[in-house]
Amino acid sequence: MKAIIFEEFGDADVLQVADVSPPDMRPDDLIVRVHAAGVNRADLTHRRGGYGRPNFGDSTIMGLEIAGEVTQAGSSVRGFKPGDRVMGVVGGGAYAEVARLDWRMALPIPQELDYVHAAAIPEVFVTAHEAMLHLGRLKAGDSVLIHAAAGGVGSAAVQLARATGATVYATAEASKLEQVQRLGADCVVDYRTQDYAQVVAERTSKRGVDVVIDFIGAPNFARNIASLANGGRLVQVGILGGGGQVSVALEDILYRHLQIFGTVMKSRPQAEKHAMVQRFREHWLDRFSRGAGLIPVVDSTYPLELASDAHRRMESAQNVGKIILTMTV
């Protein structure tokens with residue numbers, strides 16, 4: 001089968017197409033003929049050597065989410081069979097014509113969706129649900145501040161927040177604000193020219209928001225704390241702007257009853273990943289049917305052999321929504 005490999009860590013040019021052996025099937029696996037695969041920030045980290053080794057999890061081939069057709073099902077698989085259209089999160093191996101997928105990480109593709117749009121769902125919508133609704137406990141009538149709202153997880157979070165009945169504040173760069181607003185944001189903020197903490201304070205009469213979903217990290221931390229209402233929850237999903245040390249007055253956490261969470265799907269135990277996927281399935285999967293409100297946002301598609309161009313597109317930070325690789329199967 002064709003797959004993307006790299007022999008050394010580096011920039012996007014290290015990615016190359018090669019013939020490799022297909023994955024072996026284990027009892028809990030689905031073998032899937034991949035039609036489309038999502039590109040994620042974690043793939044860039046993988047390629048650059050950020051995980052310190054060529055494989056992270058289940059495969060030396062990169063990639064975390066797929067959509068395709070089941071060709072084989074392991075002996076312990078329940079609820080899926082050959083011929084089913086599935087999407088899901090894999091432990092590596094998505095950048096290939098064939099991948100293996102733990103059946104407990106698989107989701108049936110809604111009938112109305114093609115493979116490209118299906119591949120834009122698993123990683124980002126599961127992550128958004130886990131961060132904002134499971135950990136952040138967002139509910140109808142609450143307010144939420146979502147950073148990087150034009151990205152994959154951010155655009156998913158805006159939609160889920162709107163569907164929940166929350167008031168949505170969202171940050172993005174100026175050229176993307178109109179698209180973010182169309183996804184359901186009530187108030188959009190150009191993070192380059194506006195102080196989002198000041199905007200939140202003005203729009204909420206200094207009350208603040210109930211939940212903050214942040215992908216940026218240290219540069220946002222102090223203003224995120226300032227933007228929270230009493231009893232508010234900050235959920236840290238990424239550190240695109242940098243990690244390192246941050247400081248907070250313990251009195252703020254204590255007397256304002258604040259909570260701070262961190263969440264990364266990639267490093268969680270497998271049982272926790274299964275639970276995350278199940279929670280998302282129960283709450284949202286049927287909402288991707290035609291007219292039901294949720295739309296996977298696809299920025300662009302690239303054939304597998306142009307994976308390096310797909311990575312460069314993500315590195316440019318110009319995308320709105322997901323970047324997808326397609327296979328010639």
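This is a predicted model: local features need pLDDT of at least 70, side-chain atom pairs count only at pLDDT 80 or more; totals for chains, interfaces and linings use all residues.

Biologist: What makes strand E14 and strand E15 a pair?
Modeller: Pairing requires at least two bridges. Strand E14 (residues 298–303) and strand E15 (residues 322–326) are joined by five bridges and run parallel, so they count as paired. Within this pairing, Ser300 lies opposite Ile323 of E15. From E14 the chain passes through helix H10 (residues 307–315) to reach E15, a right-handed β-α-β crossover.

Biologist: Why is helix H1 called roughly perpendicular to H10?
Modeller: The term covers angles of 65 to 115 degrees. Helix H1 (residues 41–48) packs against H10 at about 110°, with the axes 10 Å apart; H1 is therefore roughly perpendicular to H10. Their crossing is left-handed.

Biologist: Which residues make the contact between H1 and H10?
Modeller: H1 contributes Arg41, Asp43, Leu44, Arg47 and Arg48, while H10 contributes His311, Met314 and Glu315. By class, this contact has five charged, two nonpolar and one polar residue.

Biologist: Why are strands E10 and E13 said to stand at the edges of their sheet?
Modeller: The open sheet has six strands in the order E10-E9-E8-E11-E12-E13, paired in parallel. E10 (187–190) and E13 (259–262) each have a single partner strand, so one side of each lacks a neighbour in the sheet.

Biologist: How do you know that E8 and E11 are paired?
Modeller: At least two bridges are needed, and three join E8 (residues 143–146) to E11 (residues 209–214); they are therefore paired. Val144 has Val211 in E11 as its bridge partner.

Conventions
Residues are numbered from 1 along each chain as its sequence is written. Side-chain values use heavy atoms; hydrogens and water are left out. Helices (H or I, at least four residues) and strands (E, at least two) are DSSP runs, numbered from the N terminus. A crossover is right-handed if, with the strands pointing away from the viewer, the path from the first strand over the helix to the second runs clockwise. Axes are lines fitted to C-alpha atoms, for helices over the stretch in contact, and angles run from 0 to 180 degrees between N-to-C directions. Angles under 35 degrees count as roughly parallel, over 145 as roughly antiparallel, 65 to 115 as roughly perpendicular and the rest as oblique. A crossing is left-handed if the near helix is turned anticlockwise from the far one by less than a right angle, and right-handed if clockwise. Contact means heavy atoms within 4.5 Å. Ala, Val, Leu, Ile, Met, Phe, Trp, Tyr, Cys and Pro count as nonpolar, Asp, Glu, Lys and Arg as charged, and the others, Gly among them, as polar.
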